[in-house]
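Hi,

Here is the structure I promised to pass on. Have a look at it first, and then read my notes below.

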Amino acid sequence: MFLRKGCTNSMAGYFFYLDKCLLPIAPGKLQISIKNENRTIKLINEGQVNLLKMAGLTDIEFECTIPQVEYPFAVYPSGFRSAGYYLEYFEKLKTRQKPFQFIVTRMMPDGTPLFGTNIKVSMEDYRITEDAEDGFDLSVKVKLKQYRGYGTKSVSVKGAVTSSSGQNISVNTAYENENSKVISRNEINTMIEENAATVKAIADYFGVPMSQTRDLASQGKITSDIINKVTNNAVDSDVMYTVNVEQTRSQESAPDTGKIRYYKVHRENDTLFNIAKEVYGDGSKYSLLGASNKDAIIDPFNIEQGTVLKIPAV
């Protein structure tokens with residue numbers, strides 16, 4: 001018996017799972033590419049700046065051997081399976097249009113556990129190769145991509161607005177995410193290093209020190225919906241909104257978009273870009289805010305909480 005180049009004996013401590021399917025022979029090489037979605041922009045007279053954003057989707061690639069005969073080093077939890085079984089399983093993962101878990105467990109020969117990989121992915125592509133040098137065995141190159149849940153966000157608006165008849169109408173602002181993603185401990189560690197202000201807001205939300213946010217993440221208590229709440233702070237009474245209540249009201253009672261509004265900074269160490277994105281829905285309009293608040297802003301990348309800014313009409 002021989003072990004093909006590029007494959008490892010699964011008994012050595014590497015086990016690859018695609019959903020509930022254990023590969024009979026662990027691939028000899030696994031490539032995981034973790035991408036960033038940072039954006040570099042040019043500022044007038046200030047050179048370039050790099051806007052740090054959340055990491056992009058992870059790409060995973062490996063090549064595995066699917067044997068046609070039973071080898072003593074291959075692992076079959078439910079008895080020997082032919083190559084056709086695995087090929088059908090790969091095809092089902094690719095065509096059913098649902099994400100699945102990709103899991104790799106690692107351990108030393110003495111049984112000491114190493115770090116693991118557990119990520120929700122989609123099957124992007126797989127390529128089957130038959131080579132005479134490999135006998136009847138098949139080689140399958142698999143490409144996976146990280147999957148992040150998403151859903152429709154419904155928004156309602158709260159506040160006090162006067163209708164054309166002079167009646168006060170009460171409305172409310174709330175956010176609901178039908179598919180909120182659980183934030184992992186590793187993601188919290190990255191956020192602590194790159195965006196401590198957001199982690200501080202999460203800690204304040206739960207009423208715990210920042211150091212305990214890692215434990216909360218391990219318990220699955222921190223979700224993307226909570227992060228949206230603490231960063232957007234949509235129900236903050238200091239944030240002013242222009243609301244269209246009814247299309248048929250008189251011109252006299254309609255909000256005057258030509259007037260300057262005011263905004264009170266409600267996050268620590270906020271940036272002009274984030275504020276422009278919140279009030280205008282477009283972060284690139286930060287220069288408009290900067291021109292109207294020269295006396296109030298010293299550092300556009302570190303605006304103190306409580307600072308009151310003018311919000312000129314677009």
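What share of the contacts in the protein chain with a separation of 6 or more comes from residues 24 or more positions apart? The answer is 58%. Keep in mind that this is a predicted model.

Some overall numbers: the chain has 314 residues, 32% of them buried, and it contains 7 helices and 15 strands.

Now the inside. The largest nonpolar core has 30 residues, and the members touching the most others are L18, F62, I66, F90, F102, M123 and L144. At least two residues come from each of several elements, including strand 2 (14-18), strand 8 (59-66) and strand 10 (117-130). Helix 1 (83-95) is another of these, and it gives the most, with 5 residues. Take F90: leaving out residues up to four places away in sequence, it touches L18, L23, C64, I66, M123, Y126 and V140. Apart from this core there is another one, of 12 residues, with I275, V279, I297 and L309 among them.

G56 sits in the loop between strand 7 (47-51) and strand 8. Why does G56 count as buried? Because its relative accessible area is 5%, and buried means under 20%. Beyond residues up to four places away in sequence, G56 touches K35, N36, E37, Q146 and R148. With E37, which is 19 residues away along the chain, the C-alpha separation is 5.4 Å.

Cheers

Key. Residues numbered from 1 in each chain as written. Predicted model: local features only at pLDDT ≥ 70, side-chain atom pairs only at ≥ 80, totals over all residues. Heavy atoms only, no water. Core = buried A, V, L, I, M, F, W, Y, C linked by side-chain atoms within 4.5 Å. Buried < 20%, exposed > 50% of the residue type's maximum accessible area, 1.4 Å probe, protein only. Helix = DSSP H or I, 4+ residues; strand = E, 2+ residues; numbered from the N terminus. Contact = heavy atoms within 4.5 Å.
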